[in-house]
Amino acid sequence: MNSAKVRLNIITAILTVVTIIHVSPIFMVLMNSFKANTYVKTHTFAFPTGDMFVGWSNYIKGFTFGNYPIIKAIGYSAVITVLSTVLILLCTSMAA
């Protein structure tokens with residue numbers, strides 16, 4: 001093999017490792033979201049099986065928790081985002 005192919009293979013291997021490092025926390029959060037709280041604290045790296053597995057109940061609880069459901073929070077975030085973007089565009093265009 002020529003040196004260009006070797007260099008390309010090394011770069012590919014390095015970027016693969018970097019990708020795994022960056023994606024693993026997201027995978028861990030998704031995996032732990034299907035466990036009960038006690039198992040998240042004690043069996044953090046285990047797959048959710050048997051008694052650990054709670055299904056979609058964590059997501060249902062998150063969407064309906066208390067007087068502040070997630071849909072209301074998304075609405076507030078959207079309003080804040082739109083208003084701040086309009087204000088930023090207005091101020092920066094006047095400054096230009």
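User: What share of the contacts in the chain with a separation of 6 or more comes from residues 24 or more positions apart?
Analyst: Such residues account for 12% of those contacts. Contact here means heavy atoms within 4.5 Å.

User: What kind of model is this?
Analyst: This is a predicted model, where local features need pLDDT of at least 70 and side-chain atom pairs count only at pLDDT 80 or more, while totals for chains, interfaces and linings use all residues. Residues are numbered from 1 along each chain as its sequence is written, and side-chain values use heavy atoms, with hydrogens and water left out.

User: OK. How many helices and strands are in the chain?
Analyst: The chain has four helices and zero strands. From the N terminus on, the order is α-α-α-α. Both kinds of element are DSSP runs numbered from the N terminus: helices are H or I with at least four residues, and strands are E with at least two.

User: Is the chain a compact globule or more spread out?
Analyst: More spread out than a compact globule, because its radius of gyration is 23 Å, well over the 12 Å that the globule rule gives for 96 residues. The radius is taken over C-alpha atoms, and the rule is 2.2 Å times the number of residues to the power 0.38.

User: What does the C-alpha trace span along its principal axes?
Analyst: About 60 × 55 × 15 Å.

User: And how much of the chain is buried?
Analyst: Buried residues are 9% of the 96 residues. Buried means under 20% relative accessible area, exposed means over 50%, and partly exposed is in between (1.4 Å probe, protein chains only).

User: What does the accessible surface come to?
Analyst: About 8,000 Å², and 76% of that belongs to carbon and sulfur atoms. Areas come from the Shrake-Rupley method with a 1.4 Å probe, and for residues only the protein chains shown count as cover.

User: Which residues make the nonpolar surface patch?
Analyst: Val 6, Ile 10, Ile 14 and Val 18 make a patch of about 320 Å². Patches are made of residues with over 30% relative accessible area and no salt bridge; like charges are joined within 9 Å, and nonpolar side chains (Val, Leu, Ile, Met, Phe, Trp, Tyr) within 5 Å. A salt bridge is a side-chain nitrogen of Lys or Arg within 4 Å of a carboxyl oxygen of Asp or Glu.

User: Where is Ile 10 found?
Analyst: Ile 10 is in helix H1, residues 3–32. Its relative accessibility is 48%, so Ile 10 counts as partly exposed. Val 6 is in helix H1 too. At 36%, Val 6 also counts as partly exposed.

User: Switching topic. Why does Asn 32 count as buried?
Analyst: Because its relative accessibility is 13%. Asn 32 is in helix H1. Leaving aside neighbours within four places in sequence, Asn 32 is in contact with Val 40, His 43 and Thr 44. A polar atom of its side chain lies 3.5 Å from the backbone oxygen of Thr 44.

User: Where is Ser 33?
Analyst: Ser 33 is in the loop between H1 and helix H2 (37–42). At 16% relative accessibility, Ser 33 is buried.

User: What does Ser 33 touch?
Analyst: Not counting residues up to four places away in sequence, Ser 33 touches Asn 58 and Tyr 59. A polar contact of 2.7 Å joins the side chains of Ser 33 and Tyr 59. A polar contact is a pair of N or O atoms within 3.5 Å; within protein, one must be able to donate a hydrogen and the other to accept it, and residues adjacent in sequence count only if both atoms are side-chain atoms.

User: Last one: where is Tyr 68 found?
Analyst: In the loop between helix H3 (57–64) and helix H4 (70–95). Tyr 68 is partly exposed, with a relative accessible area of 48%. Tyr 68 touches Ala 73 and Tyr 76, with residues up to four places away in sequence not counted.
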